[in-house]
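I opened my notebook to look up a few things in one structure. Here is what I had on the screen.

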Amino acid sequence: MRYAQGSGLTDAERAVRERIRLQAVERFESAEKNREIAAALRVSERSVERWRRAWRERGEAGILSKGSPGRPRLRSVQIARLERELERAPLVHGWADQRWTLARVKTLIGRLFHVSYTVEGTWRLLKRHGWSWQQPTRRAIERDDAAVELWKKEVWPRVRPVRRRETAGSSSRMRPASR
């Protein structure tokens, strides 16, 4: 039976499955047949075949749980380095503009640490470490913020039109001309 990524199992459920595999190993050592092991443990014969092959190739370590698939793959030292590299800007890393996209961060992680993340996994990693999505502010280079604030406070109130209705409002759905 195939399961979705990570089987969607909790650590407790993963431990139960691991105990079943360890029971199978005990039966491998006593030379039981795959069919008998599968029936006794209530699993498929194919699973038992796969476990036996892993046990033969790598010993007991071959059938032990590898842990949650969602565990972080970068160590804290690597995260710190990634943050320093992100602060350096995309231009330093060969991109033409100053925007970090998830795809670019994913590529950067691959280049720096030889670890593959999905775009979604990259987003989760960044979010977990306090990074957030931000849209860069688009402003003209010539912009004078002091002049803009002065205009907002002094000029705009004088030129802003007063918004008034020409006639009294009505809550009727009918058009006034049709009454």
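**Ground rules**

I am working with a predicted model, where local features need pLDDT of at least 70 and side-chain atom pairs count only at pLDDT 80 or more, while totals for chains, interfaces and linings use all residues. I count residues from 1 along each chain as its sequence is written, and side-chain values use heavy atoms, with hydrogens and water left out.

**Entry: V25**

I looked up V25 and found it in helix α1, residues 11–29. Helices here are DSSP runs (H or I, at least four residues; strands are E, at least two), numbered from the N terminus. Is V25 buried or exposed? I noted a relative accessible area of 2%, so V25 is buried. The cut-offs are under 20% for buried, over 50% for exposed, and partly exposed in between (1.4 Å probe, protein chains only).

Next I asked which residues V25 is in contact with, leaving aside its neighbours within four places in sequence. They are W55 and I63. Contact means heavy atoms within 4.5 Å. I also checked R56, 31 residues along the chain from V25. The C-alpha atoms of V25 and R56 are 9.9 Å apart.

**Entry: α2 and α3**

I turned to helix α2 (residues 34–41) and helix α3 (residues 45–58). They pack at about 115°, and their axes are 8 Å apart. Axes are lines fitted to C-alpha atoms, for helices over the stretch in contact, and angles run from 0 to 180 degrees between N-to-C directions. The crossing of α2 and α3 is right-handed. That word applies if the near helix is turned clockwise from the far one by less than a right angle; anticlockwise is left-handed.

From α2, the contact uses N34, R35, I37 and A38; from α3, it uses E45, V48, E49 and R52. I sorted these residues into three nonpolar, one polar and four charged. Ala, Val, Leu, Ile, Met, Phe, Trp, Tyr, Cys and Pro count as nonpolar, Asp, Glu, Lys and Arg as charged, and the others, Gly among them, as polar.

**Entry: α4 and α5**

Helix α4 (residues 76–88) packs with helix α5 (residues 102–113) at about 125°, and I read 11 Å between their axes. The two are therefore oblique to each other. Oblique is what remains after under 35 degrees (roughly parallel), over 145 (roughly antiparallel) and 65 to 115 (roughly perpendicular). The crossing of α4 and α5 is right-handed. Residues in the contact include L82 and L86 of α4, and L108 and F113 of α5. By class, I listed seven nonpolar, one polar and two charged residues.

**Entry: salt bridges**

I used this rule: a side-chain nitrogen of Lys or Arg within 4 Å of a carboxyl oxygen of Asp or Glu. How many salt bridges does the rule give? The count is nine.

One of them joins E57 and R58, at 3.6 Å from N to O. E57 is exposed at 56%, and R58 is partly exposed at 48%.

I then followed D97. It meets R99 at 3.2 Å and R104 at 2.5 Å. Shared partners join D97, R99 and R104 into one network. I looked up accessibility too: R104 is buried at 15%, D97 is partly exposed at 25%, and R99 is partly exposed at 40%.
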